[in-house]
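Me: I am new to this structure and would like a close look at its aromatic rings. Please also tell me which stretch to read with care before we get there.

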Amino acid sequence: MKLRDIIPCEYDTEITNDISNIENGTLVDVLSQSGTYLGTGLMSQNSKIRVRILSNNANETFSDAFWERRIRYAIEYKLESSRRPTMHLLVESLDYCSCE
């Protein structure tokens, strides 16, 4: 597995084209050096992570349904992760700590 498969982003040092005219928040397609589609993400001129990949599906439309689905998944993930026993153990342990 390649790091690219795990981290959905493109760093400023990885971009070879002139991107100076692309506004922050613009959806951009990311292509490999050979022209293979890698994904579509949001541009940020203010970060070392220039593009945060949202989808690697070339047919994605980024409709309202897409955003609703992503938000729903994020909320479900957050709720599920807060129910994990390790999280409860940590929180319960902190109840007995003195924070002076």
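Reply: Where pLDDT is low, the predicted coordinates should not be read in detail. This is a predicted model, in which local features need pLDDT of at least 70, side-chain atom pairs count only at pLDDT 80 or more, and totals for chains, interfaces and linings use all residues. Residues are numbered from 1 along each chain as its sequence is written, and side-chain values use heavy atoms, with hydrogens and water left out.

The protein has a mean pLDDT of 78, with 75% of its residues reaching 70 or more. Confidence is lowest in helix H3 (residues 85-94), where the mean is 48, and highest in strand S2 (residues 27-31), at 91. To get your bearings, count three helices and four strands, which are DSSP runs numbered from the N terminus (helices: H or I, at least four residues; strands: E, at least two). Along the sequence they come in the order α-β-β-β-β-α-α.

Now to the rings. Rings of Phe, Tyr and Trp (its six-membered ring) pair if their centres lie within 6.5 Å; planes under 30 degrees apart count as stacked, over 60 as edge-to-face and the rest as tilted. That rule gives three aromatic pairs. In one of them, Phe-62 and Phe-66 have ring centres 4.8 Å apart and planes at 70°, so this pair is edge-to-face. Phe-62 also pairs with Trp-67, and here the arrangement is tilted, with 6.4 Å from centre to centre and 40° between the planes. Together, Phe-62, Phe-66 and Trp-67 form one aromatic cluster.

How covered are these residues? Buried means under 20% relative accessible area, exposed over 50%, and partly exposed in between (1.4 Å probe, protein chains only). Phe-62 is buried at 14%, and Phe-66 is buried at 2%. Trp-67, at 32%, counts as partly exposed.

You will find Phe-62 in the loop between S4 and helix H2 (64-82). Most residues other than glycine have a negative phi. Phe-62, although not a glycine, has a positive phi of about 55°.

Nonpolar side chains tend to be buried together in soluble globular proteins. Leaving aside neighbours within four places in sequence, Ile-53 is in contact with Pro-8, Cys-9, Val-30, Gly-39, Thr-40 and Gly-41.

Arg-50 is found in strand S4 (residues 49-55), and at 17% relative accessibility Arg-50 counts as buried. Beyond four places in sequence, the contacts of Arg-50 include Glu-10, Asp-12, Ile-19 and Met-43.

Definitions and conventions
pLDDT = per-residue confidence, 0-100. Contact = heavy atoms within 4.5 Å.
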